[in-house]
Amino acid sequence: MNKLGNYITGHWINGDGEGQLLYNAVTGEPVATASTKGLDFQSILHYGRTVGNPALRKMTFHERGNMLKALAIHLRNHLDKFYAVSYQTGATKADSWVDIEGGIGNLFANASLRRKFPDEVFCIDGESHNLSKNNTFMGTHILVPKEGVAVHINAFNFPVWGMLEKIAVNLLAGVPAVVKPATVTAYLTEAVVQEIIASKILPEGALQLICGSAGDILNHVNSQDIVTFTGSASTGLMLKSQQNILQENVPFNMEADSLNCIVLGDDVNPGMPEWDIFIKEVRKEMTLKAGQRCTGIRRIFVPENKMEDLWKAIATSLAQTTIGNPLNEKVRMGSLAGETQRKEVREQVQKLLASSQIVYGSLDSVDVVDADANKGAFLSPILLKNESPWASAQVHEVEAFGPVSTIMPYKRMDEAIALSKLGKGSLCSSIVTADHKIAKQYVIGAATHHGRILVLNNECAKESTGHGSPLPLLVHGGPGRAGGGEEMGGLRGVKHYLQRTAIQGSPTTITAITNVYQPNAKGKDPGKHPFKKYFEELQIGDQIITEKRVITSEDIDRFADLSGDHFYAHIKTTDFTGTMFEQQVAHGYFIMSIAAGLFVDSYDINPVLLNYGIDELRFTKPVYPGAEMYIRFTCKEKLPNDKRIVEKPEDFKRGDDIEKGIVKWLVEFLDETDELTGVATILTMVKKLKQ
């Protein structure tokens with residue numbers, strides 16, 4: 001019998017005793033045991049804080065991002081091994097794809113976020129603020145990695161995705177993790193962690209794994225640690241309420257089960273594409289992962305005059321789902337994760353039957369292919385009908401965590417919105433409608449009670465990721481019963497693991513601290529034109545002041561003719577009475593073009609390869625004929641630019657072989673009064689000295 005290992009303090013260690021017996025969900029046969037008995041949980045956390053945390057904190061965001069990318073590529077080379085183990089959890093190939101490759105996709109997505117961070121161990125958060133009349137005192141915010149450990153207590157339904165979607169975020173932030181998967185499917189998590197550790201891509205201490213009970217680990221967390229929990233609302237509340245969590249003010253992010261719903265708009269009728277889309281979405285969410293998804297559809301709200309047609313259509317669709325051994329190619333729905341889960345689902349359905357009736361499926365029997373329905377944890381999809389959703393508390397409070405959903409009627413859209421809120425907070429909701437007004441009414445009305453809302457119609461259905469699919473760049477979480485937390489969400493998720501600190505000082509000092517040039521800081525004499533410097537030679541604050549150029553009325557006329565922009569304000573014969581201008585005014589884009597002519601150096605080829613964009617361009621003061629314009633041009637920020645890897649010669653593009661970086665320049669437009677008339681950040685690609 002395989003005994004799952006715990007990867008802690010740099011070693012694979014088995015817990016004491018025989019441990020908990022884990023079963024193949026399809027055959028009912030034992031596959032492994034798991035134990036954490038005898039582990040020193042305080043030492044595990046100490047190791048993460050003192051070994052893993054310093055190692056990650058020394059890495060920049062870009063180094064951490066490239067680490068995630070390398071890990072994703074490595075895991076992708078071992079998919080066959082992971083799929084073979086995943087089948088034992090009762091998952092079909094489609095279920096496993098969501099879990100395994102969806103999890104690896106999270107690594108790739110978070111790796112790409114490195115480009116939105118500086119090549120530093122910290123980052124600036126938000127705008128800077130001038131706090132003084134003479135521009136000598138300012139403030140801004142920085143984010144630094146916390147000095148603790150992320151403790152992830154995960155659910156059984158996604159043993160791979162649940163781990164990878166969380167550690168991708170904390171690792172990018174620079175914080176190590178201790179992962180505690182749900183024991184019943186921990187053997188799949190352990191298989192993936194074995195490959196992660198074997199790859200040696202992560203620094204030691206960045207990831208630890210405990211397979212079995214979490215013991216007293218929460219008694220040893222402190223304010224620098226972060227706890228995340230995915231599971232039942234009742235368990236989450238118990239953990240969140242522990243004295244040490246409250247006393248130490250430990251950040252606790254909870255993603256709990258919820259009574260998610262889908263609504264059919266009153267505009268949708270049989271024969272419309274949206275009618276079929278609705279039925280297909282309900283069936284998919286009831287049968288994918290055998291309904292064991294925290295985002296699964298539990299409540300179905302439809303116009304009351306379409307109730308009978310819809311429940312019959314859904315029942316017909318469910319009847320087409322082949323259930324059985326996931327290894328059989330014909331099977332579209334596997335088993336629940338184990339007998340314990342099947343028993344619990346049956347008990348929850350019995351509670352729902354107090355106010356609902358089964359219109360499809362059975363609690364007692366199910367036809368399966370290539371399997372034994374009694375030995376495996378199989379359960380028929382169950383569609384319930386409830387004619388009185390306002391009078392039935394159970395349907396809005398009881399979740400059967402399996403292939404179970406209840407269809408209910410509504411009269412008007414405001415009623416559907418109100419019914420959706422009776423779940424007291426959910427992870428997601430969907431509305432299927434072809435009417436944009438109905439869509440807006442539902443979204444704005446229901447948003448307070450749902451973490452994510454999918455608007456589904458014929459325009460997006462083909463490419464939609466679906467009701468139940470959380471995405472790395474969007475927040476995953478929900479208010480109220482759903483836990484009140486957030487996971488993923490792109491940059492938002494990373495910030496959960498960072499400490500925000502306000503810093504104040506002179507612009508020059510803040511520039512030196514942040515390595516990002518702050519307005520009004522002292523510039524540096526670059527020695528030569530900055531465009532003649534290679535990426536490595538440029539310093540933040542390198543600054544030139546250009547010569548002046550007089551803007552004439554003839555210049556403005558010529559630009560108007562060349563660009564075709566004959567807006568009235570640029571025409572000198574315009575009567576400017578009642579306008580915002582005194583006389584003919586220069587085009588803002590003409591001034592930007594003049595700026596480029598002033599700060600760009602010579603005709604010679606230099607390390608600047610190209611200019612590829614302008615950010616934050618603002619025109620702050622009108623420029624009239626006779627104004628003397630000059631530019632203050634400053635190196636603001638430097639960012640790495642990963643060399644594009646070309647696998648096929650035909651994919652090679654000019655410049656792919658050049659090592660380069662991205663440089664942001666602050667461009668300030670000033671006139672003869674030394675007042676700003678405009679400001680912009682331009683981005684250039686600059687060649688590196690070392691090729």
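Biologist: Why is Leu264 called buried?

Modeller: In this predicted model, the relative accessibility of Leu264 is 0%. Buried means under 20% relative accessible area, so Leu264, at 0%, counts as buried. Leu264 belongs to strand 14, residues 261-264. From Leu264 to Asn305 is 41 residues in sequence and 12 Å in space, C-alpha to C-alpha.

Biologist: How much of the chain is buried?

Modeller: Of the 691 residues in the chain, 54% are buried. The chain has 18 helices and 29 strands, and its C-alpha atoms fill a box of roughly 90 × 60 × 55 Å along the principal axes.

Biologist: What makes Leu609 partly exposed?

Modeller: Leu609 has a relative accessible area of 33%. The class called partly exposed runs between the 20% limit for buried and the 50% limit for exposed, so 33% puts Leu609 in that class. Leu609 lies in strand 26, residues 608-619.

Biologist: Which residues form a nonpolar patch on the surface with Leu609?

Modeller: Leu610 and Tyr612 form the patch with Leu609, and together they have about 250 Å² of accessible area. Patch residues need over 30% relative accessible area, so Leu609, at 33%, passes that cut-off.

Biologist: How many cavities of 30 Å³ or more are there?

Modeller: The count is three.

Biologist: What lines the largest cavity?

Modeller: Its lining includes Asn154, Phe158, Trp161, Lys166 and Glu487. Helix 5, residues 161-173, supplies the largest share, four residues. By class, the lining of the largest cavity has four nonpolar, four polar and four charged residues.

Biologist: Which element gives the most to the lining of the second largest cavity?

Modeller: Strand 18, residues 404-410, gives the most, with three residues. Among the residues lining the second largest cavity are Leu259, Arg298, Arg299, Val404 and Thr406. The classes there are six nonpolar, two polar and three charged.

Biologist: What makes the second largest pocket a pocket and not a cavity?

Modeller: A cavity is a space where the probe fits but cannot get out, whereas a pocket is an open set, so the term pocket marks this space as open. About 1,000 Å³ lies in the second largest pocket. Its lining has 48 residues, with Phe156, Ala182, Val184, Gln341 and Glu344 nearest the centre. Helix 11 gives the most to that lining, six residues. The lining of the second largest pocket divides into 21 nonpolar, 18 polar and nine charged residues.

Key:
Residues are numbered from 1 along each chain as its sequence is written. This is a predicted model: local features need pLDDT of at least 70, side-chain atom pairs count only at pLDDT 80 or more; totals for chains, interfaces and linings use all residues. Side-chain values use heavy atoms; hydrogens and water are left out. On a 1 Å grid over the protein atoms alone, a cavity is a set of points where a 1.4 Å probe fits but cannot get out, and a pocket is an open set with protein on both sides within 12 Å along at least five of seven lines; lining residues have an atom within 4 Å of a point. Grid points are joined across faces, edges and corners, and a volume is the space filled by probe spheres set on the points. Helices (H or I, at least four residues) and strands (E, at least two) are DSSP runs, numbered from the N terminus. Ala, Val, Leu, Ile, Met, Phe, Trp, Tyr, Cys and Pro count as nonpolar, Asp, Glu, Lys and Arg as charged, and the others, Gly among them, as polar. Patches are made of residues with over 30% relative accessible area and no salt bridge: like charges are joined within 9 Å, nonpolar side chains (Val, Leu, Ile, Met, Phe, Trp, Tyr) within 5 Å. Accessible areas come from the Shrake-Rupley method with a 1.4 Å probe; for residues, only the protein chains shown count as cover. A salt bridge is a side-chain nitrogen of Lys or Arg within 4 Å of a carboxyl oxygen of Asp or Glu. Buried means under 20% relative accessible area, exposed over 50%, partly exposed in between (1.4 Å probe, protein chains only).
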